[in-house]
Amino acid sequence: MKVNYSPLWKKIDKIKMTKKEFRFKTKLGSSTYSKLINNENVTTDTLIKICDALECQISDIVECVEE
């Protein structure tokens, strides 16, 4: 299984937040942000930080896909 963060990017677009605003609001580092863009694994703490900032659930921002 692999992770896919396309629901995250769709949510950001839906609430009309720029990716720069997203990085500022979540205080993500550039390497973590890059991992999200490339659908790489990030820590659960990072996902929780994103969910707190966007006021959503983890299932709203990530999905698991078959390889």
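Guide: Helices α2 and α3 are oblique to each other in this predicted model, where oblique is what remains after roughly parallel (under 35 degrees), roughly antiparallel (over 145) and roughly perpendicular (65 to 115). Local features here need pLDDT of at least 70, side-chain atom pairs count only at pLDDT 80 or more, and totals for chains, interfaces and linings use all residues. Residues are numbered from 1 along each chain as written, and side-chain values use heavy atoms, without hydrogens and water.

Visitor: At what angle do the axes of α2 and α3 cross?

Guide: Two packed helices are described by the angle and the distance between their axes. Here α2 (residues 19-26) and α3 (residues 30-37) cross at roughly 125 degrees, with axes coming within 11 Å. Axes are lines fitted to C-alpha atoms over the stretch in contact, with N-to-C angles from 0 to 180 degrees; helices are DSSP runs (H or I, at least four residues).

Visitor: Which residues make the contact?

Guide: Lys19, Phe22 and Arg23 from α2 meet Ser30, Tyr33 and Leu36 from α3 (contact: heavy atoms within 4.5 Å).

Visitor: Which residues of α4 are buried?

Guide: In an α-helix, with 3.6 residues a turn, residues three or four places apart point the same way. In α4 (residues 44-54), the buried ones are Thr46, Leu47, Ile50, Cys51, Ala53 and Leu54. Their arc around the axis, taken from directions to the C-beta atoms, is only 165 degrees, so they lie on the same side of α4. Thr44, Asp45 and Asp52 are exposed on the other side. Buried is under 20% relative accessible area and exposed over 50%, with partly exposed in between (1.4 Å probe, protein chains only).

Visitor: What covers the buried residues of α4?

Guide: The cover includes α1 (6-14), α2 and α3. Just after α4, Glu55 has a positive phi of about 55 degrees.

Key. Helices (H or I, at least four residues) and strands (E, at least two) are DSSP runs, numbered from the N terminus.
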